Amino acid sequence: MIPAMDLHLLRPPPGVRFFRRYPSPAPFRSRFVTVSSILPFAKEKAKYHIELEAAVELVERACSLCIDFFTFPLSDGRILEKNDQTPVTVADFGVQALVSLELGKLFPSIPLVAEEDSGFLQSQNLVDPVVSAVSNKTSFHEESFSHADVLEAIDRGDRTEFGTKPATYWILDPIDGTRGFVKGSKALYVVGLSLVVEGEIMLGVMGCPNWVVDTFHRSITDVQGYKNSSPGLGIIMAAHVGCGTWTKRLRHMFDKSFRPSSDWTRCFVDGCSLVHKANFCIPDSQAWESLPLSVFYDATTNDNDDIGDKEIRLLPFCCGSLCKYLMVASGGASVFILEVKPERVTKAWDHAAGMICVHEAGGKVTDWKGSELDLAADQFKRRIICPAGGVLVTNGKIHQQIVEMISSSSTVVRH
C-alpha cells in the first residue's frame, strides 16, 4: 500500500520550473531508452515519486474500468447527453469516483479538480451501475463505502475554493474523448491525471487503452484499424518534472495468461524543423480552413511523402485534446493547434496532464501569442484556463515560427 502523504507544505524543488526546456535528441542518437522498474527513474530524482506511483496505478485501474464498460449492453442508458450536448457515460462517473476515493484515502489533504458532478447522475437514476463499477476496481472492501460515499467522491472534484495564492491539487479528466469512447474499441480516448504543487505541474499520467504500442513506427491510418483484443494495444504515459516522459504497456489490457513487461520507454518529440514538413493534429470539431495557418498552407491527409511546399499533413486521428498531446509527446505528431472561440470555455483537465508530458519530452505549450498557459486564471475553482486565441502544442523547434505566422496571418492574402 502506498503511504499517505500530506503535500500542502511541500514546495517545488529549488531551481526547477515547469516550463524548463530540455534539448531535443541528437538526430543520430536512439530516441528511445528502456528501463524496467515501478518507475522509469531513480526515486531520489523524483521528489513526488510516491504520488507518481499512485497516479500510474490509479490510471491503470481507471482504464480497466473503461474497458469493462463495453461488457455491458450499450443501449441500456449508460450513454447520456449532458446539458451542453456533450456525451457522458457511466464510465466517466465511475472513473471520477474511483480516482477520487483512492486519492482521498492516500492524500486526504490534497483537493481534486475534476469534470463531473453527481447531480446529473442522480437525475438519471444511474448511481447503482457506478457503484458496481467502482466496487470492482477500488482497493476498499465493497462494504466499506456506500452510495453516498461514491456521490460525495464524484462531487469532491468541484468542492474546493482556492483563492489567489498558488495551490496544490490534483486535476483529473476521467475520460477525454468521450465522443470517441462511446464508439467502442477502435476509438482513441485518454484518462488523464496530474498533480499541481504550489501552482506548478509536477507530474502527469495519461492512459490510452486503444493505443497501438508501436504507433511510432506505423501510419496514422493503421493505428485506428486494430481491435481492442490485440495484445499490442494500450499504453500509460507518465512524466515527472525534470525526469522526462516515459511510456509502458497498460497492465490491465491483457488476459491472465499474458504477462506484460514492466519496461518503460523514454520518448521524445520529433525532430521536424520545417513547418511544411510537420504532422499536424487539430480538433475534430474544427476545420483547417478556420485556422490562421490556412492562409499559408493547404491541408492534406495523404499518408505519403508527396507533400508540397504549400501543404501540410493533417493527421485524421483521435477524439479529445489529451490524445493529441500524447501524439506530440511520443513523436507521432509535430503540432497540435486548437482555436479557442470566445463562446467556448477551455477546461484545465483537457490540458494539464498533456502539458507536462509534452514539456518533459522536449516540446512546448503556449497560447497563440506565445505565453504560458495560466492554470490559476480561474482563481477560485482552478477549472478554467484562458489561452489567448487558442492553444499551440509543438515539438519546440517550430514553435516560435508558428506563433509568428499566426500573428501575421491577418495581413496575408490567402494563397
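Buried means under 20% relative accessible area, exposed means over 50%, and partly exposed is what lies in between. Keep these words in mind for the close-ups below, which come from a predicted model.

**View 1**
How many disulfides does a search of the whole structure find? The count is 0. A disulfide is a covalent bond between the sulfur atoms of two cysteines, and here a pair of sulfur atoms must lie within 2.5 Å to count. The closest cysteine sulfur to that of Cys208 belongs to Cys323, and because the gap is 4.5 Å, the two are too far apart for a bond. Cys208 is buried, with a relative accessible area of 0%. Cys272 also counts as buried, at 14%.

**View 1. Helix 8, enclosed by the rest of the structure.**
Helix 8 covers residues 321–329. Of its 9 residues, 9 are buried, so this helix is largely enclosed by the rest of the structure. After helix 8 comes Gly331, which has a positive phi, near 85°.

**View 2. Glu51, a buried residue in helix 1.**
Look for Glu51 in helix 1, which spans residues 49–69. Is Glu51 buried or exposed? Its relative accessibility is 0%, so Glu51 counts as buried. Now find Leu103, which is 52 residues from Glu51 along the chain. The C-alpha atoms of these two residues are separated by 9.4 Å.

Side chains of opposite charge can pair when their charged atoms come close. The structure holds 9 salt bridges, and one of them joins Glu60 to Lys248, with 3.9 Å from N to O. Glu60 sits in helix 1 and Lys248 in strand 9 (residues 244–249), so this pair ties together parts that are 188 residues apart in sequence. Both ends are out of the way: Glu60 is buried, at 1% relative accessible area, and Lys248 is buried, at 14%.

Which residue forms a salt bridge with Asp68? The partner is Lys137, and the closest N and O atoms of the pair are 2.7 Å apart. Lys137 lies in the loop between helix 4 (127–135) and helix 5 (147–155), while Asp68 belongs to helix 1, so the bridge ties together parts that are 69 residues apart in sequence. Lys137 is buried, with a relative accessible area of 16%, whereas Asp68 is partly exposed at 28%.

**View 3. A salt bridge between two loops.**
Asp158 pairs with Arg383 in a salt bridge whose closest N and O atoms are 3.4 Å apart. This pair links distant parts of the chain, 225 residues apart: Asp158 is in the loop between helix 5 and strand 5 (169–176), and Arg383 is in the loop between strand 16 (364–367) and strand 17 (384–385). Asp158 is partly exposed, with a relative accessible area of 35%, but Arg383 is buried, at 14%.

**View 4. Two residues with a positive phi.**
Most residues other than glycine have a negative phi. What is the phi of Glu198? The value is near 50°, which is positive although this residue is not glycine. Glu198 lies in the loop between strand 6 (190–197) and strand 7 (200–212). Arg382 is another non-glycine residue with a positive phi, near 60°. Look for Arg382 in the loop between strand 16 and strand 17. With 2% relative accessibility, Arg382 counts as buried.

**View 5. A patch of positive charge.**
Which residues gather in a patch of positive charge on the surface? They are Arg179, Lys183, Lys341 and Arg344. Arg344 is placed in the loop between strand 14 (335–339) and strand 15 (346–347). This residue is exposed, with a relative accessible area of 55%.

Definitions and conventions: Residues numbered from 1 in each chain as written. Predicted model: local features only at pLDDT ≥ 70, side-chain atom pairs only at ≥ 80, totals over all residues. Heavy atoms only, no water. Buried < 20%, exposed > 50% of the residue type's maximum accessible area, 1.4 Å probe, protein only. Patch = residues over 30% accessible without salt bridge, like charges linked within 9 Å, V, L, I, M, F, W, Y side chains within 5 Å. Areas by Shrake-Rupley, 256 points an atom, 1.4 Å probe, with all protein chains shown as cover. Salt bridge = Lys/Arg side-chain N within 4 Å of Asp/Glu carboxyl O. Lys, Arg positive; Asp, Glu negative; His and termini not counted. Charge placed at Lys NZ, Arg CZ, Asp CG, Glu CD. Helix = DSSP H or I, 4+ residues; strand = E, 2+ residues; numbered from the N terminus.
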